[in-house]
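Hi everyone, thanks for coming.

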Amino acid sequence: MSPFGMRLEVLDGKVGAAAAVKMCRSIVVKGLEALLFECVLGASRYDADDRVFASLNESFSGNRLERNSQIT
């Protein structure tokens, strides 16, 4: 599956270990997405979204956060 951008790894150990890794990682990723969404909603209501994004980009320089559309 590498040609399709997928990185696979075989895990040794108990049955269900791979599912636990996937599920726990998903909890963190989706939680961060939800927090970012709530942050953007709050910041945009006060016209502070540009400054919030600039500050977040300084803190998380490896991942650029950009607005894709206007939030109303």
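One term before we start: I'll call a residue buried when its relative accessible area is under 20%, and exposed when that area is over 50%. Please also keep in mind that this is a predicted model.

Let's begin with the whole chain. It has two helices and zero strands. Of its 72 residues, 10% count as buried. The accessible surface comes to about 6,800 Å², and 58% of that belongs to carbon and sulfur atoms.

Now look at the helix called α2. Which of its residues are buried? They are Asp49, Phe53 and Asn57. Viewed down the axis of α2, these buried residues fall within an arc of 75°, so they line one face of the helix. And what do they pack against? The answer is α1. On the face of α2 turned away from that buried side, you'll find the exposed residues Arg51, Glu58 and Ser59.

Between α1, residues 17-45, and α2, residues 49-59, there is a loop, and Asp47 is found in it. Asp47 counts as exposed because its relative accessibility is 69%. Its backbone deserves a glance too. Most residues other than glycine have a negative phi. Asp47, though, has a positive phi, near 55°.

Last stop: the largest pocket. About 470 Å³ of space lies in it. Its lining is made up of Arg7, Leu8, Glu9, Leu11, Ala18, Val21, Lys22, Arg25 and Ser26. Sorted by class, that lining has four nonpolar, one polar and four charged residues.

Notes: Residues are numbered from 1 along each chain as its sequence is written. This is a predicted model: local features need pLDDT of at least 70, side-chain atom pairs count only at pLDDT 80 or more; totals for chains, interfaces and linings use all residues. Side-chain values use heavy atoms; hydrogens and water are left out. Helices (H or I, at least four residues) and strands (E, at least two) are DSSP runs, numbered from the N terminus. Buried means under 20% relative accessible area, exposed over 50%, partly exposed in between (1.4 Å probe, protein chains only). On a 1 Å grid over the protein atoms alone, a cavity is a set of points where a 1.4 Å probe fits but cannot get out, and a pocket is an open set with protein on both sides within 12 Å along at least five of seven lines; lining residues have an atom within 4 Å of a point. Grid points are joined across faces, edges and corners, and a volume is the space filled by probe spheres set on the points. Ala, Val, Leu, Ile, Met, Phe, Trp, Tyr, Cys and Pro count as nonpolar, Asp, Glu, Lys and Arg as charged, and the others, Gly among them, as polar. The arc is that of the directions from the helix axis to the C-beta atoms. Contact means heavy atoms within 4.5 Å. Accessible areas come from the Shrake-Rupley method with a 1.4 Å probe; for residues, only the protein chains shown count as cover.
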